[in-house]
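Good morning, and thank you for coming. Please look at the sequence and the structure as I show them.

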Amino acid sequence: MATERKEIKQPKALPAPNVDFYEFAADLPAEEMAIIKKVREYMETKVQPIINKYWVEDSFPFELLPSFKELGIAGSGIDGYGCPGGSPLLVGLMAMEIARTDTSFATFFGVHSGLAMGSIYLNGTEEQKQKWLPLMARMEKIGCFGLTEPLVGSGTAGGMTTTAKREGDTWILNGQKRWIGNAPWCDISIIWARDVADNQVKGFIVENKATPGFSVEKMQNKIALKVVQNGQITMDNCRVPEANRLSGATGTFKDAAHVLRGTRHLSAWEITGTQMGAYENALKYAQERLQFGKPIGSFQLIQELLAKMLGNIVACQCMIARTVQLEAEGKLSDAHAALAKAFCTSKARETVSWARESMGGNGILVDYNVARHFADAEAIYSYEGTYQMQTLIVGKAITGFSAFV
Ligand SMILES: Cc1cc2nc3c(=O)[nH]c(=O)nc-3n(C[C@H](O)[C@H](O)[C@H](O)COP(=O)(O)OP(=O)(O)OC[C@H]3O[C@@H](n4cnc5c(N)ncnc54)[C@H](O)[C@@H]3O)c2cc1C
């Protein structure tokens, strides 16, 4: 009588998480793809192993700066002035890739390379660009961007209280700035202040450590983006030479808005990376974590959460892939950038909370690499213009009515 042999099923190799589900990075030329791979490897091998510790401690990983500088990516998107150049798609993918591992690190980089260097590139004179951009591209000088104030956040365009008064070839700055990323330790600040003579908001390059009356207090007790050091800047009769006024553009609030149009768009890339990081970690966990004797990833309700997360990510990627085309064609409007930021940050809040939920209790432990993304998404939802401000920009563009008060 033939003995019945039960076939033992070998476990098949599980698919690795694929966060580029619709292959939109395929549009990058090979040399730019190589840069993204270099950034990814850096983030995975140098940043990931230590970032949770720094996040918990509320401190910045200065130990990484020498090796990060060697990547040579500061000033990406800027041609000339010692900057590496690169397409808008490369710049976006880079922000996304950095945030995929850590959103704080993406913010530190975005403030320096996008907000501070972008302010000088878009609004500075030729001499200012020649003087500052090469130093900043080499990251020998790190920058910050001071727009928000303790009493004025969303309403800075009309309500800014920091003043600039001209005396000969010197400007006297007085006032406070709050929430300023990198400020507690960086070298130069782009300070936006209201000229008391014409009531217009103007930008100034202030050398933090060499300007008497300029002081920064580190903000404490944040629950998001804890690696980024945010500061409250106080300026008490700070004297800044006329040579440091960003006088290459309009000399009005439009100059700050021009910078923000690009960086808001980059925030949409960053928050898409945040979602990718949360999703990948949740997916790996679902493939490994056993309950009722089976991987939780084999349960329909967990698969639904994962599919919804991936849907959000792909929707955000498709949207920003199109906005980057508009940017490359010089057609990106404030409303385009605002809609991308509003949409991607609101989808991200869903994605990171589904990732957290799918991991049960471990979803709130920093060690499992989802809790950090969960908390960090909250800050991006509000910075560089809150969700409400972005929707008001879109609302004005589509209805013709301004609902700003
Ligand atoms: C982690 C982090 C990093 C940051 N980094 C920087 C930086 O580097 N440089 C910098 O300059 N700033 C920075 N900011 C500041 C950020 O841009 C502001 O927090 C943001 O613009 C909102 O300002 P606010 O916090 O003062 O909120 P408020 O303006 O006081 O708003 C509070 C609430 O009221 C809502 N609201 C306000 N006005 C209206 C209205 N008219 N209609 C409907 N709703 C309204 C807002 O949407 C929000 O929900 C940072 C903030 C954070 C959290």
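Let us begin with one aromatic cluster, which is formed by Y42, F60, F62, F68, F105, F108, F109 and W185. Please bear in mind that the model is predicted. In total, the structure holds 19 aromatic pairs.

I turn to one of these pairs, F60 and F108. Their ring centres are 4.8 Å apart and their planes stand at 65°; because an angle over 60 degrees counts as edge-to-face, this pair is edge-to-face. F60 lies in the loop between α1 and α2, whereas F108 belongs to helix α4, residues 103-123, so the pair links distant parts of the chain, 48 residues apart. Are these two residues buried or exposed? F60 is buried, with a relative accessible area of 4%, and F108 is buried as well, at 0%.

A second pair joins F62 and W185. Here the ring centres lie 4.9 Å apart with the planes at 90°, so this pair is edge-to-face. Where do the two partners lie in the chain? F62 is in the loop between α1 and α2, and W185 is in the loop between β5 and β6; the pair therefore ties together parts that are 123 residues apart in sequence. F62 counts as partly exposed, at 41% relative accessibility, while W185, at 15%, counts as buried.

Finally, I come to charges placed over rings. The charged end of K129 sits over the ring of Y121, 5.4 Å from its centre. R178 lies over the face of W179, and the distance to the ring centre is 5.9 Å.

Key: Residues numbered from 1 in each chain as written. Predicted model: local features only at pLDDT ≥ 70, side-chain atom pairs only at ≥ 80, totals over all residues. Heavy atoms only, no water. Phe/Tyr/Trp six-rings, centres within 6.5 Å; stacked < 30°, edge-to-face > 60°. Helix = DSSP H or I, 4+ residues; strand = E, 2+ residues; numbered from the N terminus. Buried < 20%, exposed > 50% of the residue type's maximum accessible area, 1.4 Å probe, protein only. Lys NZ or Arg CZ within 6 Å of the ring centre and 35° of its normal.
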